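Here is a short report for a reader who is new to this structure. Please look over the sequence and the model first.

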Amino acid sequence: MSALDAVDLARIQFALNISFHILFPTISIGLAWILLFFRLRFTATTNRLWEYAYYFWVKVFALTFALGVVSGVTMSFQFGTNWPGFIERAGNIAGPLLGYEVLTAFFLESTFLGIMLFGKEKVSNRVHLFSSAMVVLGTTLSAFWILSLNSWMQTPQGYEIIDGVFHPVSWWDIVFNPSFPYRLAHMLNASLLTSAFLVAGISAWRILRKVDGPATLSVLKTGVVMAAVLSPVQVFIGDLHGLNTLKHQPAKIAAIEGIWHTEKGAPLTLFGFPDEGEKTTHFAIEIPKGASLILTHDPDGEVLGLNEFEGRHPPVAFVFWSFRVMVGTGFLMIAVSWIAAWSLSRKKKASGLVLTALSMMTFAGWVATLSGWYVTEVGRQPWLITGQMRVSEAAAPHSSATLAGTLLGYGLLYGFLLVAYVGTIRYMATKPAASLKLANIYSKSASDSLSPERS
Amino acid sequence: MGDLLPLVFMGVIGFALLVYVVLDGYDLGIGILLPFASDDEKDTMIASIGPFWDANETWLVLGVGVLLIGFPSAYAMVLTALYIPVTVMLFGLILRGVSFDFRVKANVKHKRLWNGLFAVGSFLAATAQGWMLGRYITGLTPGLMSTGFAFLISLTMPALYVVLGAGWLLIKCEGALFDKAADWGRKAMPVMGLALLAVSVSTPIVSAAIAQRWFTLPNIIGLAPIPVTTIIAFFSVYWVLVRTEILHAGYAWLVMAGTVVTCLMAALGLAYSLYPFVVLNRLTIWESAAATKSLMFVFWGILLVVPAIAAYTVFVYSVFRGKATGLSYGQNE
């Protein structure tokens, strides 16, 4: 029993670390693209408004990036401190993929970040644009490599096992494993959506608080348009990703849908309370034949149930609920962004209700992204590498006391930092917008032109 | 080629960690020195490392990443054994890294708190790294001797970093801060010197294997350049720090250069002591090397990418060359 507890504690510790970490890259990958867009808009239009937008959001980016870097460094050590068995057996494959992330992504983004943040007055506009583009490339490449490794653990291929150790056979097959394209597209789009709601939400909050300037509304519109376009795209990618999962990890889909027994014409459970002991879902609200229709595109198609994967399927309720939180948040995102886009296109100013809704959705991307990751990661359990290696085989022999102690430390530290991060963004957003200066210049020149005799 | 490849990877790890100690060493040293400076000086000190620290820390990730790639079983063994100090170091690096941004972006009322956490984080990271190095040199063996040895190195590391930090400030700063940096350097030098001496004396006592390699003829003669160069470099740095007229005449960079030479010699000495082991007396380079196919895949990447990293690193340092000025995101912010 105590050995089991230590593995669970190691699991919780890693989950805590990786959950905390992913919050920040999710914002910084998308925000890097948005910042590049602001810079390009300024270069094309020479409208100072885009510079003010850039100056506010680059500070949020710098803070977010720093939190992402330090929590990411933690990850590179924790593979060894917590999961030595994974590296001993799969190091031949995990190592090079992580190595390419460091070589092609980390150095690129961290080095050019210096010029992007602090070099604007020291280099030409072109060099600064180039540096910003390199930061964008770095953050995106980082996602490429780490999602390739994660996807390989979900859907491994291109390897052989010699004496229990994984050896590469084809790097192409390893990098471009079956679930990788879907997971990469889903995550990059999630990142763009998360940052779209962040910039829209903070801008809405500033308008409500009356600390906004002329740039604030433009940023709000950028965020709303991005969100309105990308949120339905995310549903489409998510559907493709789900079909791919059905093909390669049917146990995960069975848990997501709460399908206990293999059946033809399986219903789609909208809500309910899965009970693993009784192997049933209490108070289920079902759409007849819905699951078969969605998953097989045939109302009488056969869907594999959890009974096929006795002892080899994930905890059902957790995956079931995480999936519903993700999908629910996703549809809420579509509704809010479409109403906001419609409202903004009809009137010059957004209504108070729309602004309030947007500001409440500021961190909605975090909720959807985290719950989505819980679906895919907890959904992979009990496997570390699907079908080949269990999580329990990889854990380090630390005592429960050691793990509980460090877990408490991490929990306190991350809680403190999360409060500080959100508090600081709120504090930055409360200051009057710098682009108000721009408004003053406009109104001044307008009044000047009205009374030319004075000059 | 298959036999040489693990050696190349060992070289890359050593190089990455040496570069890390020098580069993040000056960042962490400045962090440790922060409480001794005035508020304006604190801003200048942090401005002098602001554009660089992130890339500097990446060398640590490269070092540990290549250890994972090249020697998975050694990576797993070392990090599992060093679980607690690694965790302490990570806490330190997290606090230091986030304080960079929070101290200027969070509510002004809290700036003192973030300055404090910046210093505490830097000190924790430096001390934990010293402890890890000490445990590593003795082959992760338990016992009072090797624990005492680790404790000794955990004191040496902050002292070394403070000298590097002072050396960096002497290049990047002017006026009163310049003189303060020289003073900090002068005070840290004896601590670093004593600690280095103690480490050199105690290493062969703690490890018989290492004593064997150094103190037999003709090894001792052939190896003499390493300690001799270290001693010359050390006293040159100290001499420059004492002779302030030389510092002011534009030779302040000698402090940094001399300390880098000291680090390089220590690294060479360490490499010689440990070879052919990745973990002393437990795992050799070839025993723990990853599959040749994996190594080759990354080897081509290193060959292509590392020159590019070197090129754009030099470019960024040249953009921010000269004395440090206040950090700004641009004129109109």
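## A kink in a helix

H7(A) bends by about 25° at Leu230(A). Helices are DSSP runs of H or I with at least four residues, strands are E runs of at least two, and both are numbered from the N terminus.

Helix H7 of chain A covers residues 214-248, which makes 35 residues. Its end C-alpha atoms lie 50 Å apart, and this agrees with the 51 Å it should span at 1.5 Å a residue. The expected span is 1.5 Å times one less than the number of residues in the helix.

## About the model

This is a predicted model: local features need pLDDT of at least 70, side-chain atom pairs count only at pLDDT 80 or more, and totals for chains, interfaces and linings use all residues. Residues are numbered from 1 along each chain as its sequence is written, while chains are lettered from A and ligands numbered from 1 in the order in which they are written.

The scores are ipTM 0.86 and pTM 0.89. Chain B has an average pLDDT of 88, and 98% of the residues reach at least 70. pLDDT is the predictor's confidence in each residue, on a scale from 0 to 100.

## A covered helix

Helix H6 of chain A takes in residues 180-208, 29 residues in total. From first C-alpha to last it reaches 41 Å, close to the 42 Å expected at 1.5 Å a residue. H6(A) is mostly covered, with 24 of its 29 residues buried. Buried means 20 or more other C-beta atoms within 10 Å of the residue's own; exposed means 12 or fewer; partly exposed lies in between; C-beta atoms are placed from the backbone. Lys210(A) follows H6(A) and has a positive phi, near 60°.

## The nonpolar core

The largest nonpolar core has 245 residues, and Ala53(A) and Trp57(A) touch the most other members. H2(A) supplies the largest share of this core, 21 residues. Such a core is a set of buried Ala, Val, Leu, Ile, Met, Phe, Trp, Tyr and Cys residues joined through C-beta atoms within 7 Å.

Leaving out residues up to four places away in sequence, Ala53(A) touches Phe38(A), Ala215(A), Ser218(A) and Val219(A). Contact means that the C-beta atoms of two residues, placed from the backbone, lie within 7 Å.

## Where the chains meet

In chain A, 60 residues are in contact with 57 residues of chain B. Helices H2 (48-82), H3 (84-118) and H13 (400-430) and strand E2 (165-168) of chain A each give two or more residues to this side. H3(A) gives the most, with 22 residues.

Gln381(A) and Pro382(A) are joined by a cis bond, with omega near 0°. Pro382(A) sits in the loop between helix H12 (364-378) and strand E7 (383-385) of chain A. In chain B, the bond between Tyr275(B) and Pro276(B) is also cis, with omega about 0°. Pro276(B) is in the loop between helix H13 (253-274) and strand E1 (277-279) of chain B.

Lys289(A) is not a glycine, yet its phi is positive, about 60°. Lys289(A) is partly exposed, because 17 other C-beta atoms lie within 10 Å. His297(A) also has a positive phi, near 60°. His297(A) counts as exposed, because it has 9 C-beta neighbours inside 10 Å.

Notes
The bend at a residue is the angle between axes fitted to the seven residues ending there and the seven starting there.
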